[in-house]
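Have a look at it first, then try each task before reading the solution.

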Amino acid sequence: MKLICGPMATISHPAFRILVERFGGCDEYFTEMINAGSLLNFGPFEKYYIEPVPCPEKIVWQLTGCDAPRMKEAAAQLAELPGLGIDINMGCSAPDIYKTGAGIGWMLKDRAETQKMVRDVRSVVPASKRLSVKLRLGDEDFTEQGFFDFCDMLVGEGVELLTLHPRTKKEKLSRPPRYKYCQMLAERYKGRVPLYLNGNVKDKASFDFARAACPDVAGVMISRAAVQKPWIFCQLKDSPIPLSSSSEQVSSSGLTGGTINLEELCLSYIDLIEQYQPPEFWKTRLQRFYTYFCMNFTFSHYAQTQFINAAARSNGDLRTVIKEFFEKCPEEKNLIQNN
């Protein structure tokens, strides 16, 4: 079964992929949403969204947009980049996304309009690249028949992989995902179109639960939990945390045997952000990362508040605050992993 790092706004960029790779990596990395219009208009920051470092062969470019012709044109550009293929985002339920007709908005439009968009995108994605769709169950009034008909349309138009987050548009993360629909889709397309499960996998116990509920899915996608624990993929594969003979790599990843040096990791991530993201992005990228990563600490709320506020001021202040935190709370510095 494949392990996939999901698409996350302000997170799924080269700096984060490098961090995950230092802990053994995963099978596929979906990028954060790439806006079709911004890509075609040569936005000043688009080059940072399409940087395939550090493992181009594992990249899946996730495309979003509300205009079918632009989706087609942008897909043609992305298809020229290295990577596994292109994923059409039909799952984002953020109001500022779906109200424009993007994200899950494609599931709510007239079926013929969405079908034509998928067909047009498929026409510019070469056979050597995979076309996939990440989706939800639909709106609150969805029906099983309507949902399956929609998925049949996608498959009929040449979509080669589906990733299902089994919640409706308004259902929040506090509601358990409806895994039965992942298994039903996996059975429906068994031997033809693989199905990835997305939602609520955060550790070995929840991973095993999802696999038991959906034995026919081809992969499990993990998002927020990978930000808190970049080593989670290594844990789920029951692999030892990778060691390196390079002292520089060990230091930069924060690895020492089965112990993870969280101070080294926190500091090294700032270096990665400065190397692979423009200064305009530093604040939001760092704040989002530490919001989740600080959950590793006993004093998580205190760490979150301190790190996020410091990131709003400057990277220098953030480095100082991180060092002061571990000086005050030395017991938080090392996380021992039992593989």
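**Exercise 1.** At roughly what angle do the axes of H15 and H17 cross, and within how many Å do they come?

*Solution.* Keep in mind that you're looking at a predicted model.
- Start with the axes: those of H15 and H17 cross at roughly 25° and come within 11 Å.
- Now name the arrangement. Angles under 35 degrees count as roughly parallel, so H15 and H17 are roughly parallel to each other.
- Next, find who touches whom. H15 brings Trp282, Leu286 and Tyr290, and H17 answers with Asn315, Leu318 and Ile322.
- Finally, sort these contact residues by class: 5 are nonpolar, 1 is polar and none is charged.

**Exercise 2.** Work out how H16 and H17 are arranged: roughly parallel or roughly antiparallel?

*Solution.* 
- Helix H16 covers residues 300-313 and helix H17 covers residues 315-328; they pack at an angle of about 160°, with their axes 7 Å apart.
- The cut-off for roughly antiparallel is over 145 degrees, so H16 is roughly antiparallel to H17.
- As for handedness, the crossing of H16 and H17 is right-handed.
- On the H16 side, the contact residues include Tyr302, Phe307 and Arg313, while those of H17 include Asp317, Val321 and Phe325.
- Split by class, the contact of H16 with H17 has 9 nonpolar, 1 polar and 3 charged residues.

**Exercise 3.** Describe the largest pocket: what is its volume, and which residues lie nearest its centre?

*Solution.* 
- Its volume comes out at about 1000 Å³.
- A total of 36 residues line the largest pocket, and nearest its centre you'll find Arg136, His165, Leu173, Ser223 and Arg224.
- Several elements each supply at least two lining residues, among them strand E6 (130-135), strand E9 (219-222) and helix H15 (279-293).
- The class count for the lining is 16 nonpolar, 10 polar and 10 charged.

Terms used
Residues numbered from 1 in each chain as written. Predicted model: local features only at pLDDT ≥ 70, side-chain atom pairs only at ≥ 80, totals over all residues. Heavy atoms only, no water. 1 Å grid on protein atoms, 1.4 Å probe; cavity = no way out; pocket = protein on both sides within 12 Å on 5 of 7 lines; lining within 4 Å. Points joined across faces, edges and corners; volume = space filled by probe spheres on them. Helix = DSSP H or I, 4+ residues; strand = E, 2+ residues; numbered from the N terminus. Nonpolar A, V, L, I, M, F, W, Y, C, P; charged D, E, K, R; others polar. Axes fitted to C-alpha atoms, helices over the stretch in contact; angles between N-to-C directions. Parallel < 35°, antiparallel > 145°, perpendicular 65-115°, else oblique. Left-handed = near helix turned anticlockwise from the far one by under 90°. Contact = heavy atoms within 4.5 Å.
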